[in-house]
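Subject: Structure handover

Hello,

I am passing on the structure we discussed. Please open it first; my notes on what was found follow below.

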Amino acid sequence: MSVETLDTVVRTEETGILSRSGVLRRLARDKVAAVAALLLVLIALAAVFAPVVAPYDPYLTDLTKVMQPPSAEHWFGTDNTGRDILSRVIFGTRNTLMLGLVGVLIGGLLGGVLGILAAFYPRADGWIMRLVDVMLAFPAILIGLAVAAVAGAGLGAVVIALVVATVPDVARVARGAAVGIMGQEFMEAGRAVGVSDRTLIWRYLTLNCISTIFVFLTLRFGQIILIGSALGFLGMGAQPPTAELGMMAAQGRDFLFMAPHIATIPSCAIFVIVLAANLLGDALRDVLDPRLQQ
Amino acid sequence: MGRQIVHRLLVSFPALLGVLFLCFCLLQVVPADPAMIIAGPDAKAETIAAIRNELGLDRPIPIQFIEYIGRLLRGDLGRSIISNKMVSEELALTIGPTVELMLGAMLLAVPCGLALGTLAAVRRGSIVDRLIMAVSVAGVSMPVFFIGLILIQYVGFKWGLLPFTGRTGPVWEGGLPSLILPALTLGLVLIGPIARLTRTAVLEVLGADFVRTARAKGLRETVVIIHHALRNALIPVVTLIGLQAAFLLGGAVVTETMFSWPGVGRLAVGAIVSSDFPTAQGAIMILAIAFLTINLLVDVLYVYLDPRVQRS
């Protein structure tokens with residue numbers, strides 16, 4: 001068998017899992033998932049085009065309009081310095097989503113590489129998995145606290161915490177998937193015809209693991225956002241006046257009894273984002289990768 | 001069973017060393033040089049060198065690490081920069097409240113989660129099942145502080161039912177009212193995941209042969225559900241509680257900060273905000289060790305619950 005025909009074998013294996021149109025059609029049939037997906041798209045669009053969508057400047061204070069409850073003029077009311085909360089929530093969503101995405105992408109990349117290498121090189125397996133175990137010994141919040149203690153609070157500390165929170169689990173999932181693929185005949189065949197390790201890892205192994213890793217990351221995204229906003233709430237993330245949902249909730253806490261909406265609206269925004277992400281993740285898992293069910 | 005536990009202890013040893021080393025690094029990368037601080041701003045280079053030598057800061061890093069572990073074993077974690085108290089004393093005061101909070105949350109979440117999950121599985125597909133699952137997905141998506149804010153706002157402030165700042169004392173000395181709201185906040189976020197997994201696990205077990213046999217013997221349905229199904233479903237649930245330990249710990253830090261609960265998490269956050277490195281390092285280390293211990297306990301419990309693990 002030549003390398004080219006082998007490639008088609010590998011490819012069919014891929015398209016079996018990754019046929020996008022089928023996935024979308026099956027997802028659309030699930031009403032809850034469809035609503036969640038639509039909601040996420042809207043939220044993402046609002047976040048991307050925040051400067052256009054936001055009705056006011058999120059940093060513009062107006063001391064004549066302090067702590068106003070929601071009204072026609074300010075849909076979500078104003079905060080303790082008279083800033084428009086709707087605009088701040090839109091900008092805050094932008095920062096919160098960005099944190100989650102960066103954390104999940106970098107963490108997914110590192111974890112995926114570690115897991116696949118562990119499966120491909122049995123010699124490195126023990127060492128990589130031990131490293132993963134040590135990383136698992138640190139809950140994400142603690143990493144965030146530790147980094148903030150050393151380097152000072154800021155978005156960087158949160159990103160590092162989110163990456164460390166993502167890497168070990170992704171590495172385990174990727175290793176599990178890759179070990180399964182290592183046992184397939186086309187891997188052996190590829191080796192037999194002298195395909196280089198690099199091609200084996202990239203074209204044969206990685207491409208076949210990607211959908212599993214992708215589904216897992218979707219499932220984790222909600223949790224990652226929760227961790228990021230908790231760190232923001234603790235004051236380890238974005239610093240004022242930057243709008244970030246967790247930090248906004250923490251600031252509103254001081255005015256909870258006078259104007260509860262200042263703290264509750266950003267918290268509610270986090271809840272909606274995470275809920276939509278979790279519902280979509282669950283549906284995607286059922287469609288794409290039933291093996292991950294547990 | 002003993003061998004399993006010894007093996008598990010040996011496996012968690014490198015993780016413990018990793019935790020200690022990272023905490024040690026935390027003290028190393030502190031932006032200011034301790035010797036310079038002690039010597040003062042216009043000290044001579046020789047004086048600084050002498051202090052460095054006295055503190056052992058000029059020795060190679062591995063030796064310093066071993067010395068650090070030696071100090072830890074003697075219970076010496078240094079002094080707080082802010083209050084000048086021994087860090088070990090501050091930690092000793094805060095560990096109790098944190099353990100109390102976590103236990104309170106678990107006592108609430110585990111039975112509720114198990115009951116709701118089992119109910120959902122038994123009434124599979126009914127409106128009860130769907131309702132329980134919807135609520136648990138919502139619970140999983142809830143930020144801890146959101147629940148806390150709502151409880152403080154309504155139960156604590158508007159209705160004035162329970163205290164919501166600080167801790168009046170240990171539970172056995174009338175501290176229960178001040179524990180309820182924090183424990184409820186932390187516990188509510190755990191019910192969702194536990195209920196979800198219990199449902200899956202019970203459903204799986206309900207389809208097993210031994211459950212059919214138990215029913216065929218004519219056992220009452222409650223006996224079948226509780227003795228046969230739930231007992232076996234507990235195994236994956238216990239593992240899940242182990243996985244939730246990270247969640248529990250992170251949630252505890254947030255809850256303590258919100259309710260001014262005098263625990264390790266609040267100590268850590270306060271120390272970081274005021275750049276009190278020795279205290280922050282000690283508090284983070286204790287939390288990480290607590291996390292390792294929870295996972296170890298879960299593994300031991302796992303072996304106890306599932307005799308199959310012992311044999312393999």
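In chain A, helix α7(A) meets helix α10(A) through A:Ala140, A:Ile141, A:Gly144 and A:Leu145 on the α7(A) side and A:Ile227, A:Ala230 and A:Leu231 on the α10(A) side. By class, this contact of α7(A) with α10(A) has six nonpolar residues, one polar residue and no charged ones. Please keep in mind that this is a predicted model.

Two packed helices are described by the angle between their axes and the distance between the axes. For the pair in chain A, α7 covers residues 140–151 and α10 covers residues 197–233. Their axes lie 10 Å apart, at an angle of about 40°. Angles under 35 degrees would count as roughly parallel and 65 to 115 as roughly perpendicular, so α7(A) is oblique to α10(A). The crossing of these two helices, α7(A) and α10(A), is right-handed.

Now to chain B. Chain B has 14 helices and zero strands. The C-alpha trace of chain B spans about 90 × 55 × 35 Å along its principal axes.

One helix pair in chain B is described here as well. Helix α6 of chain B (residues 127–140) and helix α8 of chain B (residues 176–206) have axes that come within 7 Å and cross at roughly 135°. That angle makes α6(B) oblique to α8(B). The crossing in which α6(B) passes α8(B) is left-handed. From α6(B), the contact uses B:Asp129, B:Met133, B:Ser136, B:Val137, B:Gly139 and B:Val140. From α8(B) come B:Val189, B:Gly192, B:Pro193, B:Ala195, B:Arg196 and B:Arg199. Sorted by class, the contact of α6(B) with α8(B) has six nonpolar, three polar and three charged residues.

Next, the interface of the two chains. How many residues does each chain give to the contact? Chain B gives 41 residues and chain A gives 37 residues. The size of an interface is often given as the accessible area lost when the parts come together. Chain B and chain A bury about 3,400 Å² between them, with 81% of it on carbon and sulfur atoms. On the chain B side, B:Ser141, B:Phe145 and B:Leu149 lose the most area to chain A, together 17% of what that side buries.

The rule finds one salt bridge across the interface of chain B and chain A. A:Asp282 forms a salt bridge with B:Arg196, with the closest N and O atoms 2.4 Å apart. B:Arg196 is also among the α8(B) residues in the contact with α6(B).

Regards

How values were computed:
Residues numbered from 1 in each chain as written. Chains lettered and ligands numbered in written order. Predicted model: local features only at pLDDT ≥ 70, side-chain atom pairs only at ≥ 80, totals over all residues. Heavy atoms only, no water. Axes fitted to C-alpha atoms, helices over the stretch in contact; angles between N-to-C directions. Helix = DSSP H or I, 4+ residues; strand = E, 2+ residues; numbered from the N terminus. Parallel < 35°, antiparallel > 145°, perpendicular 65-115°, else oblique. Left-handed = near helix turned anticlockwise from the far one by under 90°. Contact = heavy atoms within 4.5 Å. Nonpolar A, V, L, I, M, F, W, Y, C, P; charged D, E, K, R; others polar. Buried area = accessible area lost by both parts, 1.4 Å probe. Salt bridge = Lys/Arg side-chain N within 4 Å of Asp/Glu carboxyl O.
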